[in-house]
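Please examine the sequence and the structure shown below before reading on. The paragraphs after it lead from the whole chain to selected details.

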Amino acid sequence: MAGKKTARVPRAAYEQELLRLQTELVKLQEWVRAEGARLVIVFEGRDAAGKGSTIKRVAEHLNPRQARIVALPKPTERERTQWYFQRYVEHLPAAGEIALFDRSWYNRAGVEHVMGFCTKEEHQLFLRQCPIFERMLVEEGILLRKYWFSVSDAVQQERFRRRMKDPTRRWKLSPMDLESITRWEAYSRAKDEMLVHTDISEAPWFVVESDDKRRARLNMMAHLLGSVPYYEIPPPVLELPRRPASTGYERPPRDLQTYVPDHAANL
């Protein structure tokens, strides 16, 4: 489907399929827990490519104690002196857990390289070490899935415009995000070089066309589910107990407590 212009997925069909896939993701999580599996999902792509909104839908109905979103801030002074991959290793899942990386160690192949936040030597070292690092994860038994969200320049710019006008989403924009418009080709070259070095058989890249966010979310979720050999774990049988008879408890007077004003009553 790469390069093809497709109609936007209708909302009704999207919401129905989204719920079905999210239900399957809950089953996947239960399988991960029961089998003691470890699942790492890497979400990468340009700014405004739809990574964050997809992660939100993936995690929406999952148990946050087992499925964690990892979105690291810029490294501290101490972290800058560590082995580059060290701060990411800390957030890898234990048995029964899922880690959703909202950007990952691939920062060094993209924004750090393009914006000059790392040296050329550090960038080249990353490209050599990353396949080794990921092979180690796979050999350790970690299920590693890597998704690159691909957005066109026109759609990215339109999404930036909408964010600038929307006070609830303006926080998503930074001067660095806007500068990515002027460095479109530099980011393209960086992405191409990254794929050449890190698209390995043990942990291949999967490209998600994301000009249509609805289509991108459904395609990514369906692919993930199809790539893991999970099966449904029968849920435990639960029974709602009968409420015991009252033993004489009386609630204190309501006027002794401070209540939140009923703002909704004025709507």
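The explanation begins with the overall picture and then turns to strands, cores, aromatic rings and cysteines.

This is a predicted model, in which local features need pLDDT of at least 70 and side-chain atom pairs count only at pLDDT 80 or more, while totals for chains, interfaces and linings use all residues. Residues are numbered from 1 along each chain as its sequence is written, and side-chain values use heavy atoms, with hydrogens and water left out.

The protein chain contains 10 helices and 5 strands; these are DSSP runs numbered from the N terminus, helices being H or I with at least four residues and strands E with at least two. Along its principal axes, the C-alpha trace spans about 75 × 50 × 45 Å. Of the 267 residues, 39% are buried; buried means under 20% relative accessible area, exposed over 50%, and partly exposed in between, with a 1.4 Å probe and protein chains only. Contact means heavy atoms within 4.5 Å. Among contacts with a separation of 6 or more, 80% join residues 24 or more positions apart.

Two strands pair if DSSP finds at least two bridges between them. Strands β1 and β3 run parallel and are joined by 6 bridges, and arginine 38 has glutamate 97 in β3 as its bridge partner. Strand β2 (residues 67–70) also pairs with β3 in the parallel sense, over 4 bridges. Here alanine 67 has isoleucine 98 in β3 as its bridge partner.

A nonpolar core is a set of buried Ala, Val, Leu, Ile, Met, Phe, Trp, Tyr and Cys residues joined through side-chain atoms within 4.5 Å. Which residues touch the most other members of the largest core? In this core of 33 residues, they are Leu28, Ile41 and Met220. Elements that each supply at least two residues include α1 (11–35), β1 (38–45) and α10 (213–227); α1 gives the most, with 7 residues. Leaving aside neighbours within four places in sequence, leucine 28 is in contact with Leu39, Leu224, Leu225, Val228 and Tyr230. A second, separate core of 24 residues includes Phe101, Cys130, Ala203 and Trp205.

The aromatic rings come next. Rings of Phe, Tyr and Trp (its six-membered ring) pair if their centres lie within 6.5 Å; planes under 30 degrees apart count as stacked, over 60 as edge-to-face and the rest as tilted. The whole structure holds 16 aromatic pairs. Tyrosine 84 and phenylalanine 85 form an edge-to-face pair, 5.5 Å centre to centre with 80° between the planes, and both residues are buried. The pair of tyrosine 147 and phenylalanine 206 is tilted, because the ring centres are 5.9 Å apart and the planes lie at 40°. Since tyrosine 147 lies in strand β4 and phenylalanine 206 in strand β5 (residues 205–209), this pair ties together parts that are 59 residues apart in sequence. Tyrosine 147 is buried at 1% relative accessibility, whereas phenylalanine 206 is partly exposed at 27%.

Why does the count come to 0 disulfides? A disulfide is a pair of cysteine sulfur atoms within 2.5 Å. The sulfur of cysteine 118 is 13 Å from the closest cysteine sulfur, that of cysteine 130, and is therefore too far for a bond.
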